[in-house]
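Dear colleague,

Here is the structure I promised to pass on to you. Please have a look at the chain before reading my notes, which come after it.

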Amino acid sequence: MRIYVDFDDVLCETARHLTGLARDMFGRQVAYEAISAFDLRQAFSLSEAEIDELMEHAHRTDFLAGIMPVPGGVEAVDSMTAKGHDLVVVTGRPASSHAGSKAWLRQHGLGWLDLVHVDKYGRADLKTQDGSPRTLGLWEFDAMDFDLAIEDSPAALDILAKRKDCSVIVFDRPWNKAYRHALNMRRAFSWQEIMEMVDGV
Ligand SMILES: [Mg+2]
C-alpha cells in the first residue's frame with residue numbers, strides 16, 4: 001500500500017513542545033490536554049504577531065531537533081516499510097523547514113523517507129525557496145494516490161474525506177476529539193493500534 005503519514009503529532013509530539021514554547025516566549029500556561037482547537041493562535045490566546053513569532057521559532061532546525069517522537073512511530077514506519085508498504089511523509093509545515101524536518105527524520109533513523117510539503121491549510125507560499133522543494137498546491141496533492149492516510153488535523157482530514165479509495169486513520173488528539181468522521185475514517189489511539197489496522201486493510 002502507498003501510505004500517507006502526517007508529520008506533526010503523528011510522527012512527533014509537536015503540540016506538547018509548542019505548549020512549552022508558548023509558555024517560555026509569551027507566558028501562556030495551556031496544558032496539552034486543553035488544546036481543544038487545532039488553531040494554536042486560539043488555543044494559546046496569541047495575537048497575530050505572537051503566533052507568527054511562535055511559528056517562526058517552531059520551524060527552526062534547533063527547535064525541531066528537540067521534538068520527541070510519538071511512542072512506537074519510528075518502529076512502525078520501519079516495520080510497515082519492511083512489509084513492503086511505500087510510505088510518504090506529507091506535511092503542512094512550510095518548505096523552509098525542509099532541511100530541519102529531514103534532519104529530524106535522519107536523527108531518528110528515517111532519513112530515507114520521502115517528505116513532501118503540501119499546502120494543507122491554504123496559507124503556504126507555493127514559490128520555490130532556496131534549496132527547499134516546492135510546497136505542493138492541493139490540486140497537485142489531489143493527483144497523488146494513497147491507499148491509506150494517517151492524520152490528526154481536522155483541516156487536513158476534511159481534504160482526505162473526499163477520497164473514495166483512501167482509508168483514513170484519525171490519530172486521536174485533544175483537538176480532533178469532536179471531529180465528525182467521514183465514511184473512510186477510523187480513529188486510532190496509538191501506533192500499535194495503527195499497525196493492527198494496517199495489517200487488516
Ligand atoms: Mg499533524
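This is a predicted model: local features need pLDDT of at least 70, side-chain atom pairs count only at pLDDT 80 or more; totals for chains, interfaces and linings use all residues.

**Domains**

The domain assignment divides the protein into domain 1, which is made of 2–12 + 68–200, and domain 2, which covers 14–65. The centres of domain 1 and domain 2, taken over C-alpha atoms, are separated by 21 Å. Where the two meet, 18 residues of domain 1 are in contact with 13 residues of domain 2. On the side of domain 1 that touches domain 2, the elements that give two or more residues are α6 (98–107) and α8 (154–160), and the largest share, 6 residues, comes from α6. By class, the residues on that side of domain 1 are 9 nonpolar, 6 polar and 3 charged.

**Two helix pairs**

The pair formed by helix α1 (residues 14–26) and helix α3 (residues 48–58) has axes that come within 11 Å and cross at roughly 125°. An angle of that value makes α1 oblique to α3, and the crossing of α1 and α3 is right-handed. On the α1 side the contact is made by Leu-18, Leu-21, Ala-22, Met-25 and Phe-26, while α3 brings Glu-50, Glu-53, Leu-54, His-57 and Ala-58. Sorted by class, the contact of α1 with α3 has 7 nonpolar, 1 polar and 2 charged residues.

The other pair is helix α5 (residues 73–82) with helix α9 (residues 191–200), which pack at an angle of about 15° with their axes 9 Å apart. Because angles under 35 degrees count as roughly parallel, α5 and α9 are roughly parallel to each other. The crossing of α5 past α9 is right-handed. Here α5 contributes Gly-73, Ala-76, Ser-79 and Met-80 to the contact, and α9 contributes Trp-191, Ile-194, Met-195 and Val-198. The residues of this contact of α5 with α9 divide into 6 nonpolar, 2 polar and no charged.

**Two residues with positive phi**

Most residues other than glycine have a negative phi. With that in mind, I would point you to Asp-9, whose phi is near 65°, a positive value in a residue other than glycine. Asp-9 is found in the loop between β1 (2–5) and α1, and is buried, because 23 other C-beta atoms lie within 10 Å.

Ser-45 also has a positive phi, near 50°, and is likewise a residue other than glycine. Ser-45 sits in the loop between α2 (40–43) and α3. Is Ser-45 buried or exposed? With 11 C-beta neighbours inside 10 Å, Ser-45 counts as exposed.

**Three further residues**

Leu-115 is part of strand β3 (residues 114–117), and counts as buried because there are 20 C-beta neighbours inside 10 Å. Leaving aside residues up to four places away in sequence, Leu-115 touches Val-89, Thr-91, His-98, Ser-101, Lys-102 and Leu-105. The C-alpha atom of Leu-115 is separated by 9.4 Å from that of Leu-87, and the two residues are 28 residues apart along the chain.

Tyr-121 is found in the loop between β3 and α7 (138–142), where 13 C-beta neighbours inside 10 Å make Tyr-121 count as partly exposed. Which residues does Tyr-121 touch, not counting residues up to four places away in sequence? They are Gly-92 and Ala-155. If you look from Tyr-121 to Leu-21, which is 100 residues apart from Tyr-121 along the chain, you will find the two C-alpha atoms separated by 22 Å.

Glu-140, finally, lies in helix α7 and counts as partly exposed, with 14 C-beta neighbours inside 10 Å. The C-alpha atoms of Glu-140 and Pro-174 are separated by 30 Å, the two residues being 34 residues apart along the chain.

With best wishes

Methods: Residues are numbered from 1 along each chain as its sequence is written. Axes are lines fitted to C-alpha atoms, for helices over the stretch in contact, and angles run from 0 to 180 degrees between N-to-C directions. Helices (H or I, at least four residues) and strands (E, at least two) are DSSP runs, numbered from the N terminus. Angles under 35 degrees count as roughly parallel, over 145 as roughly antiparallel, 65 to 115 as roughly perpendicular and the rest as oblique. A crossing is left-handed if the near helix is turned anticlockwise from the far one by less than a right angle, and right-handed if clockwise. Two residues are in contact if their C-beta atoms, placed from the backbone, lie within 7 Å. Ala, Val, Leu, Ile, Met, Phe, Trp, Tyr, Cys and Pro count as nonpolar, Asp, Glu, Lys and Arg as charged, and the others, Gly among them, as polar. A residue is buried if 20 or more other C-beta atoms lie within 10 Å of its own, exposed if 12 or fewer, and partly exposed in between; C-beta atoms are placed from the backbone. Domain bounds come from an automatic or database domain assignment.
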